[in-house]
Amino acid sequence: GYSAYWYGYDWRGGEREFRTEIAANPNVAAAHFGLAQLLLTQDRIDDGMRHMRLTRELDPMSPVFNAIEASFLLDLGRLAEAESRLQRALDIAPRLWLSHVVRGMLLATNKKFEEGLAALRTAADLGGDISRPQAVLGVSLAAMGRHDEARETLERVRARARTRFVPPTSLAALHAALGEADVALTELERAYSVRDTRLIYLKDDPHWRDLRTRPRFIALMKKMGLDNFGRGLSPV
């Protein structure tokens, strides 16, 4: 299921495999989690959130599942529920970078921008060599008009990419935030070539808001078969 969904962009095949596994054993959290992500990216929100809840109920001590559920709730605008689920994730693993990314975005949604930025800095520090929290931090810095700091973040991620693999979507997000649309689109096209798993959220990820009307972005959406679905959700 994950191979078909994350790497093959075979939406029907992925769903079939996840549902087959759930039918064989409904207590496999990973199967519900894969199906939840797939449904939530395809505007099948109620069913997707049901499987996301089942994922967490089957593995209630997973800080990752709690944090990602909080992220989806945040995208739905259900802020009180998102905060409750996020707090559970932080209680379980207070140093998980993913939870601090969600916390930063939740604070920003509540217009606590400086506190949100501090949470994202914490996430970037905790993430170490992981590029995702760096990318979210850089995008937030650019959105706040701190372009010099955002570019410094981009340069750190680019330096890292010279010696190890960095998901192209991380670089694309930073270039897009800095108004470098063509470079961002090139990175997204490279993300397709290397099967960057973050690309499954291409249709709804807010990082691509300013790219969505561009022909290269539309072509990539069609290539992935994502243009057939309505608006879905995207975790941070």
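## Pockets and nonpolar cores

The largest pocket has 38 lining residues, and those nearest its centre are M105, V139, P206, H207 and R209. The model is a predicted one. Among the helices, α9 (131-143) contributes the most to this lining, with 6 residues. At least two residues each come from α5, α7 (97-109), α8 (113-127), α9 and α11 (168-177).

The second largest pocket is lined by 20 residues, and W97, R132, T197, R198 and Y201 are the closest to its centre. Two or more residues of its lining come from each of α3 (29-40), α7, α9 and α11.

| Pocket | Volume | Lining by class |
|---|---|---|
| Largest pocket | about 910 Å³ | 20 nonpolar, 8 polar and 10 charged residues |
| Second largest pocket | about 470 Å³ | 12 nonpolar, 5 polar and 3 charged residues |

The nonpolar cores come next. The largest nonpolar core holds 43 residues, and M52, F72 and V101 are the members that touch the most others. Helix α5, which spans residues 63-75, gives the most to this core, with 7 residues.

Which residues are in contact with V101, leaving aside its neighbours within four places in sequence? They are L120, A123, P133, V136 and V236.

Terms used. Residues numbered from 1 in each chain as written. Predicted model: local features only at pLDDT ≥ 70, side-chain atom pairs only at ≥ 80, totals over all residues. Heavy atoms only, no water. Core = buried A, V, L, I, M, F, W, Y, C linked by side-chain atoms within 4.5 Å. Buried < 20%, exposed > 50% of the residue type's maximum accessible area, 1.4 Å probe, protein only. Helix = DSSP H or I, 4+ residues; strand = E, 2+ residues; numbered from the N terminus. Contact = heavy atoms within 4.5 Å. 1 Å grid on protein atoms, 1.4 Å probe; cavity = no way out; pocket = protein on both sides within 12 Å on 5 of 7 lines; lining within 4 Å. Points joined across faces, edges and corners; volume = space filled by probe spheres on them. Nonpolar A, V, L, I, M, F, W, Y, C, P; charged D, E, K, R; others polar.
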